[in-house]
Amino acid sequence: MEACNCIEPQWPADELLMKYQYISDFFIALAYFSIPLELIYFVKKSAVFPYRWVLVQFGAFIVLCGATHLINLWTFNTHSRTVAIVMTAAKVLTAVVSCATALMLVHIIPDLLSVKTRELFLKNKAAELDREMGLIRTQEETGRHVRMLTHEIRSTLDRHTILKTTLVELGRTLALEECALWMPTRTGLELQLSYTLRHQKPVGFTVPIQLPVINQVFSTNRAAKISPNCPVARLRPLAGKYMPGEVVAVRVPLLHLSNFQINDWPELSTKRYALMVLMLPSDSARQWHVHELELVEVVADQVAVALSHAAILEESMRARDLLMEQNVALDLARREAETAIRARNDFLAVMNHEMRTPMHAIIALSSLLQETELTPEQRLMVETILKSSNLLATLINDVLDLSRLEDGSLQLDVRTFNLHATFREVLNLVKPIASVKQLFISINLAPDLPEYAVGDEKRLMQIMLNVVGNAVKFSKEGSISITAFVAKPESLRDPRAPEFFPVPCDNHFYMRVQVKDFGSGINPQDIPKVFTKFAQSQSLVSRNSGGSGLGLAICKRFVNLMEGNIWIESEGLGKGCTAIFIVKLGITERLNESKLPFVPKVTRNHGQTSFPGLKVLIMDDNGVSRMVNKGLLVHLGCDVTAVSSADECLRVVSQEHKVVFVDVSLPGNGAEDSYRVAVRIHERFTKRHGRPLVVAITGNTDRVSTENCMRVGMDGVVLKPVSVDKMRRVLLELSEHGVYCEAH
């Protein structure tokens, strides 16, 4: 058998192996003993660790493992049975503890996994919170920018400044390369480039409003990205090569204008928008962020609000300027109208006074002449003069009353009066004329008609005299009936006068008066004309009735002032007519006649009454009027002294003079002298019975003149012209009552 030259590997000796195991067991035991120390330190330092008992159990397992390895050091040499028993016990305890620890880890691992899951959840939540905080910071920044932009935009209400400020602030805040605003043209069919930030493209360029990209932006209230190559986004000159930045566009609502025009803005009857275009810098990778788009949208809304305010302000300023111009024009027209009214009133007052002065002389002298011995032919001529003069005086009164009614200066003189006596006085005034024409006049006052009433007696009498006078004037034969009664509520409304709305109340009543005649009548189609000033029906004109056509026109205005209505009924020519009027009067308790203002009585004939020895003083600066008044009083038997000035009157007047007649001219033409005379007489003669009675003779028919006379203490007012009967009536009233009287 051949010899083998194989070299067997040199394995380490058993002693070397045992030595390595010994060293390894020592270090394993050392490591095992160090780990529990670290776990104890961890448990001590960790106050929130939920598995302390597990760590204790795990520490015991490691300690036992270490002890096993440590005991194992004695097994490498010959060892005793005691070492084997200890070794066995240590291994058994290690096995028990290791199994228990393994079983416990089965229960702990899911908890550890859930902890890991919660840890991941918390990490996710933390990431979300970070994102939300980022959004909040972004929103705060956006809000700050919006507030800043809003403040800048609303710092003015000039629309050009608003739009320019918007572009500048957006360009600075968002670092834009270009920003532009396209406004609708007047026709509304195009958008015109109106404002740009960098002025890289001249304004005035237009594009059709029906472009798809424009419709796309106008269809939403959100900012929309558009192509940089579309017509509204070509805001830079095409020079050089560059990569255009992203472009967004947003609509800007314009005010809904349907009632006014804003300078050069179109009149908008439907919803219209402007277009705002914003461009990021070219050759950059920057993109639009969500918060930047939201900022653009908010700013667009703020611009719309600011523009609406500016539009309203512009219109209000235009309206204010127009209103100021109108007010200036109205004020000028008002002053001109007031000047014209004053001029007219002054003219009428002067003409009234100046016309009454010669009329006073004509009527006074004619009445004196009438009471002398005259032949029938002479008496007829004198009566004709008197009749014509009285007609002219009536015309003067009518013209003045109509003027005051038209300018609203005429007011009713409301006082308590005897209503029944007023009807009797009207009857006595028209009876002489009716008897000449052989007309029978009857009056019927209803039992429910109050004897006393509250109202304007003078105007009521003027209405009745006009209506009854017309009945007498246009009747050649037959009779005339006057009926008066309290109108029932159901009979107040008249379909021919829908504007008449009577309102019954406890302290007022409506009196209805009907005057029926059998005279010439009137065509029904001519009835509306009789209440028009200076107009008469053709049938009456053809019959040569005379008159100015003012009587019924003035009556209608007087009736309206008394909250009443007047109308005429007639079946035609030759069938007579009925004049009806309703007036509102106040109700008063029955008073003694002595408590009422004295009313001149004309029911008696005073032709033979005279006043012999009655000392009278006359003050009048007009020689003719002074001579006429003196003649009237001398005719009545008075002892008359006539003077021409106030100073002379104050020198002459004494207690022997019972009556002082002073002529009251127009204000500024001597009226103050007349008032001064009355005041000085009151101061000189303090006792009531020793003082002469002061009576004014005036041609002024306005209420102010009468009130001025009463204010200075005059005892009566006599309106020119004055006849013998009127002067006799005045002297009777003064001698019988010695109280304030008025004679018209």
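Colleague: Before we look at single residues, which relative accessible area makes a residue buried, exposed or partly exposed?

Modeller: Buried means under 20% relative accessible area, exposed means over 50%, and partly exposed is what falls in between. In this predicted model, Gln438 has a relative accessibility of 69%, so Gln438 counts as exposed. Gln438 sits in the loop that joins helix 8 (419-436) to strand 8 (440-445), and although Gln438 is not a glycine, its phi is positive, at about 55 degrees.

Colleague: Where is Glu563 found, and is Glu563 buried or partly exposed?

Modeller: Glu563 belongs to the loop between helix 11 and strand 12 (565-570), and because its relative accessible area is 45%, Glu563 is classed as partly exposed. Within helix 11 itself (residues 551-561), the buried residues include Gly551, Leu552, Ala553, Phe558 and Val559.

Colleague: What share of the whole chain counts as buried, and how many helices and strands are there?

Modeller: Of the 744 residues in the protein chain, 42% count as buried, and the chain holds 16 helices and 19 strands. When contacts with a separation of 6 or more are considered, 70% of them are accounted for by residues 24 or more positions apart.

Colleague: How should I read the UniProt annotations, and which residues do they cover under "binding site"?

Modeller: Such annotations may be inferred rather than shown by experiment. One "binding site" annotation, from an unreviewed UniProt entry, covers Asn470, Ala471, Val472, Lys473, Asp517, Lys533, Ser548 and Leu552. Leu552 is also one of the buried residues of helix 11. Val472 lies in helix 9 (residues 457-473) and is buried, with a relative accessible area of 4%. Not counting residues up to four places away in sequence, Val472 touches Ile433, Ala434, Lys437, Leu439, Ile441 and Ile480. For "binding site", the unreviewed UniProt entry also lists Cys65 and His69. Cys65 is part of helix 2 (residues 52-71) and is buried as well, at a relative accessible area of 10%.

Colleague: How do I describe two helices that meet, and at what angle do helix 12 and helix 16 cross?

Modeller: An angle of 65 to 115 degrees between the axes counts as roughly perpendicular. The axes of helix 12 (residues 623-635) and helix 16 (residues 724-736) come within 10 Å and cross at roughly 65 degrees, and the two helices are therefore roughly perpendicular to each other. Helix 12 passes helix 16 in a right-handed crossing.

Colleague: Which residues make that contact, and how many of them are nonpolar, polar or charged?

Modeller: From helix 12 the contact uses Leu632, Leu633 and His635, while from helix 16 it uses Val724, Met727 and Leu731. Sorted by class, the contact has 5 nonpolar residues, 1 polar residue and no charged residues.

Conventions:
Residues are numbered from 1 along each chain as its sequence is written. This is a predicted model: local features need pLDDT of at least 70, side-chain atom pairs count only at pLDDT 80 or more; totals for chains, interfaces and linings use all residues. Side-chain values use heavy atoms; hydrogens and water are left out. Axes are lines fitted to C-alpha atoms, for helices over the stretch in contact, and angles run from 0 to 180 degrees between N-to-C directions. Helices (H or I, at least four residues) and strands (E, at least two) are DSSP runs, numbered from the N terminus. Angles under 35 degrees count as roughly parallel, over 145 as roughly antiparallel, 65 to 115 as roughly perpendicular and the rest as oblique. A crossing is left-handed if the near helix is turned anticlockwise from the far one by less than a right angle, and right-handed if clockwise. Contact means heavy atoms within 4.5 Å. Ala, Val, Leu, Ile, Met, Phe, Trp, Tyr, Cys and Pro count as nonpolar, Asp, Glu, Lys and Arg as charged, and the others, Gly among them, as polar. Buried means under 20% relative accessible area, exposed over 50%, partly exposed in between (1.4 Å probe, protein chains only).
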